[in-house]
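Hi there,

Here is the structure I promised to pass on to you. Have a look at it first, and then read my notes below.

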Amino acid sequence: MSSISIIGTGNMARTIGALAVAGGNAVEVMGRDRSKAADLAETLGGGATTGEWGAIPSGDIVIVALLYADVVPVVTHYGDALAGKVIVDISNPFNSAADGLAHSEGTSIAQEAAKVAPASASVVKAFNTIFRHVLEKGRPAVFIAGDDAQAKAGVEAFIESLGLRPLDVGDLKMAYWLEGAGVVTMGLARHGVGNWDFALGVTELPG
């Protein structure tokens with residue numbers, strides 16, 4: 001199984017962490033508020049531990065479970081502590097109406113994170129097209145995008161340990177389209193199709 005570190009203590013961190021523990025993975029929780037991180041680790045059980053904010057994550061896979069505006073600053077803050085790690089960005093950069101992207105066309109939060117990450121780190125986009133409640137109760141497919149085949153293979157193995165099906169959509173540039181797919185699924189949810197197994201909930205990605 002995998003060793004993962006989750007940066008963030010919100011709903012998606014809790015849900016992915018619970019699935020990870022159930023799947024036999026080693027889990028570390030890191031949050032700005034150490035008490036919240038410790039509480040989440042205790043709730044997850046299964047030997048989940050608490051890491052110091054900004055320290056080297058113990059996991060080979062580092063899931064950044066934060067709101068999109070925090071992803072790049074946090075990857076920048078961690079800096080060399082992320083060297084050699086696989087960084088998984090699960091965020092969605094929705095505009096205020098959640099009917100478009102907040103950033104310019106031609107990029108993605110994952111691509112911007114890759115620009116500031118250590119050269120030896122690899123960034124993978126994943127989990128951003130899934131509603132939290134579907135992730136908790138269903139068995140959705142998980143779309144992933146990234147430039148490093150070995151890094152993606154590791155993420156795929158982790159996803160499979162959760163009882164889910166990873167689907168590789170291509171290089172990291174495809175993260176832009178995955179973020180666009182998040183906008184589409186929000187539109188579907190507004191029109192009564194919120195139970196699609198690949199749908200995502202923007203309100204469920206706090207840091």
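Let's start with helix α2: its buried residues (buried means under 20% relative accessible area, with a 1.4 Å probe and protein chains only) pack against α1, β2 (26-30) and β3 (49-51), where contact means heavy atoms within 4.5 Å. Helices (H or I, at least four residues) and strands (E, at least two) are DSSP runs, numbered from the N terminus.

Before going on, note that this is a predicted model, where local features need pLDDT of at least 70 and side-chain atom pairs count only at pLDDT 80 or more, while totals for chains, interfaces and linings use all residues. Residues are numbered from 1 along each chain as its sequence is written, and side-chain values use heavy atoms, leaving out hydrogens and water.

Which residues of α2 are buried? They are A37, L40, A41 and L44. Seen down the axis of α2, these buried residues fall within an arc of 100° (taken from the directions from the helix axis to the C-beta atoms), so they line one face of the helix. On the other side of α2, E42 and T43 are exposed, that is, over 50%. Just after α2, G45 has a positive phi of about 65°.

Now for the sheet. Eight strands form an open, mixed sheet in the order β3-β2-β1-β4-β5-β6-β7-β8; two strands pair if DSSP finds at least two bridges between them. β3 and β8 (165-170) stand at the edges with a single partner strand each, so one side of each has no neighbour in the sheet. Strand β1 (residues 3-7) pairs with β2 in the parallel sense over five bridges, and the bridge partner of I7 in β2 is M30.

Happy exploring!
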